[in-house]
Amino acid sequence: MAVLGNAGALSSGSVAENTRMHTFLRRLGRAVRVSRVCLARAARKPGTGEVCLRLRCEWAVDGVGPQGKGQSLSCRDLPPGWEEQLRAGLPVRGVSGEVLIAPVFCGSELRGVLGFRGRPGRRRWGRFEIDVLRAAAAALGSVMKGPCSCEALHTVGAYYRAIVEDLTDPLCRILPDGTITYANEAFCAFCLRERDGVIGMRVQDILPPEIAGELSPGTAPPDAANSIVTREFRVGEADGEERWYRSTCRAILDDGGAVCEYQVVGHDITERKRREARNTWINDQKLALMADAASDAIVVLDDSCRITYWNHSAEDLFWYTADEIVGSDVCRLFPSGYFHFPYVEGVRHAAAAAPQGVARRRFPDVTFARKGGSVFPAELSVAAVMTGDGWYNVGIVHDITAQRAREQALREEMDRTDTLLWIAARLNRSGTLDAVLDALCEETARVLRVPVAAVFLNEPHPGLLVPARSFGVPEEERESLPLIPRTIYERELRGQGPVFTIPDLIPRMDEVSWRKTPEQLPRTLAFAAILHEGALIGALGVVTFDAPRVFSTEELALLKGIADQASLAIITARLFEERTAYENRLQASLDEKTALLKEVHHRVKNNMQVISSLLSLQGRLIENAGARECIRESENRVKSLALVHETLYRSESIATVDIGVYARRLADDLIRSYALQDYISVTVGTARPITLSSDAAVPLGLILNELISNSLRHGFAGRDTGTIAIRVARSPDHRLTVDYRDDGVGMPPDVIIRSPATLGLQLVRILAAQLEGTVTFRAGEPGTIVEIVIPDDAGEEDKA
């Protein structure tokens, strides 16, 4: 009203018109708290008749003067659709939402527009700003036409009052000292007074202190020109019902920028508060339902570490009902003397240091206590939230007892598996059956921590289980171990399974056949059947003497696993012993046959030696030199055959002959028979040891015998010295080549070309053909060269 009341200054001639208009716009902008106010004239464009705006005056917070050109409105066309809304008297909001424009009419003619631009970040215009803009635009209608009349100003004031009076929210204007200068009907009804009893009174005199303190502008910030103070307060009605209000206090400035008045508007927000309370209750109910549906315990603590919430899973886990535990200190959830403060304090400090006031921590191993004192391990997840009222701690407790049990069972299973693998490896390394049984008894006693372990087998007595080996029993007392009738064992086997125990053996001593009374009677027996393909082959037993012992399920399972390993090891050891015995029998038979075959070769060699001796005696009695020579040749041939058999029975292998060794001995024997050992030298060379079978060695030996004899008789005739070289080699094409050379007189050319007529050379060709080979004669320089090629399958190379 003060701003609109000063609109009369626009008609004064004491100052320029633009200056007066700028002053009015400045006061209007500060009263409504906007960043920019502008006034523009509306004109028709020639030809088109479209409405365009030309800026007349503008005020802005950043100091645009009367002649300045701001950015709110300039010379531009009205956007489409604006003219219709302005002519209808409706305010128009800009595209960005920060601009608000109202039409300025002179009568029924649109003469211009008055516009507001809000402060940065503003998103909507309230009803108060819209009403003030429309009232100011109505007041400026006469100014845009000419001098403002008192009637026009009176109309403007009445229009503004009508707007304010129509408000259903309480509105009043208050001086800085609290005196009420104006109040609408809604405010008077709020104060339960007539208007005359309100205007001129102080707020503190007509309202209760608690309400007056909320409405009083005395608590407004010092820089009231740039502040809007908003408060919420609760009022008790006469019928006992409470209502909520929100008061908005705006500062109104004078020409000097000082606060001259406050405008206070109250809004009834009771319904909104009720909706918020109802929504909060609904959300709390939803959260409670979701928390109760959780499978883990959920516990909420306040800033004093007291429990404020407790879901159903927490009741099941801790055995406390919500009535018993809510309000109690959190230490009730921990064992007596358990230091739980690091969890609470650590989360509290983390929440205080977090940028958003929220911290989360996870503790994988925490010990909790149930009602009654029993403890259990759990995983604790904590979320702490810092608020204005303090901090709240939400803990989720997950019982890991079953997980720990599974982990422990897994570790025990792994340990048992490692133990069985170690025992299996040792049993497999033992070899013989006795070594396997000794290792089995020793490992069983060590693993199960018993003084005696024994293995009972059903051999050689099918009706009894006889102790085969034992550990912990002296050798002289091993006879005291019992003989267990198989019928009794099978009865226990059917009743208790593959592993069974006799907790106290003394009451059942009559069922066990003792070969002699032991000095110390056993108390507890535990047996595991040794089964192979479902058949009982023995039993693994452990014995205690001090007192009856109860074996755990894990120990019996380990005993059963050892018995299973023993079954495979015993069968393997028996098979190994059977194979060893069979190999020994085969070796003995082979040795016997080898000895017999060597004896055969020895006797054949002796018989041929006898034949050679007979031929030698017969030759001495013959006076004809030619006949004696024939006898000598036959003798040498028999000697070459005897030499093959001698080489066979003297060598490690009775099936093959080293051709290099054989050729050397054959040449030496022939040279001695002709008494030429001081004149003739023989060399035999092979790249590596080459062996031939006896079937190939005999023909090849006869061939070498004929070639060496021919060289000694004919090749070195009339000479004092001579050399014979024999080389044997295997070619890559799997053939054996024998190269024979001498440096004698050589063979006649007709003998080399044509088939020889002598018996010796004919034998050479015949024997080479028998070996499926070829023989080639060549003249040497000097001497003779003979090349014999036979298939490689006539012998086998020693690759040692």
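This is a predicted model: local features need pLDDT of at least 70, side-chain atom pairs count only at pLDDT 80 or more; totals for chains, interfaces and linings use all residues.

Modeller: Start with E58, which forms a salt bridge with R36; their closest N and O atoms are 3.4 Å apart.

Biologist: Why is the pair E58 and R36 called a salt bridge?

Modeller: The cut-off is 4 Å between a side-chain nitrogen of Lys or Arg and a carboxyl oxygen of Asp or Glu. The closest N and O atoms of R36 and E58 are 3.4 Å apart, so the pair counts. Side chains of opposite charge can pair when their charged atoms come close.

Biologist: What makes this a link between distant parts of the chain?

Modeller: E58 sits in strand β2 (residues 51–60). R36 sits in strand β1 (residues 36–44).

Biologist: How many salt bridges does the rule give?

Modeller: The count comes to 23.

Biologist: Now the helices. Why are α13 and α16 called roughly parallel?

Modeller: Helix α13 (residues 401–430) packs on helix α16 (residues 553–621) at about 25°. Angles under 35 degrees count as roughly parallel. Therefore α13 and α16 are roughly parallel to each other. Their axes are 10 Å apart. The crossing of α13 past α16 is right-handed.

Biologist: Which residues of α13 and α16 meet?

Modeller: On α13, they include R416, L420 and L427. On α16, they include L558, I562 and A569. The contact of α13 with α16 has nine nonpolar, three polar and three charged residues.

Biologist: What makes α14 and α16 roughly antiparallel?

Modeller: Helix α14 (residues 433–448) packs on α16 at about 170°. Over 145 degrees counts as roughly antiparallel, so α14 and α16 get that name. Their axes lie 9 Å apart. Among the α14 residues in the contact are L437, L440 and V447. Their α16 partners include L559, A566 and A573. By class, the contact of α14 with α16 has 13 nonpolar, one polar and four charged residues.

Biologist: What is the mean pLDDT of the protein chain?

Modeller: The protein chain averages 77, and 78% of the residues score at least 70. Among its elements, helix α10 (residues 312–318) has the highest mean pLDDT, 91. Strand β31 (residues 795–797) has the lowest, 43.

Biologist: Where is the pLDDT below 50?

Modeller: Residues 67–74 are one such stretch, with 24 contacts in the model beyond near neighbours in sequence. Residues 221–226 are also below 50, with 10 such contacts.

Technical notes
Residues are numbered from 1 along each chain as its sequence is written. Side-chain values use heavy atoms; hydrogens and water are left out. Axes are lines fitted to C-alpha atoms, for helices over the stretch in contact, and angles run from 0 to 180 degrees between N-to-C directions. Helices (H or I, at least four residues) and strands (E, at least two) are DSSP runs, numbered from the N terminus. Angles under 35 degrees count as roughly parallel, over 145 as roughly antiparallel, 65 to 115 as roughly perpendicular and the rest as oblique. A crossing is left-handed if the near helix is turned anticlockwise from the far one by less than a right angle, and right-handed if clockwise. Contact means heavy atoms within 4.5 Å. Ala, Val, Leu, Ile, Met, Phe, Trp, Tyr, Cys and Pro count as nonpolar, Asp, Glu, Lys and Arg as charged, and the others, Gly among them, as polar. pLDDT is the predictor's confidence in each residue, from 0 to 100.
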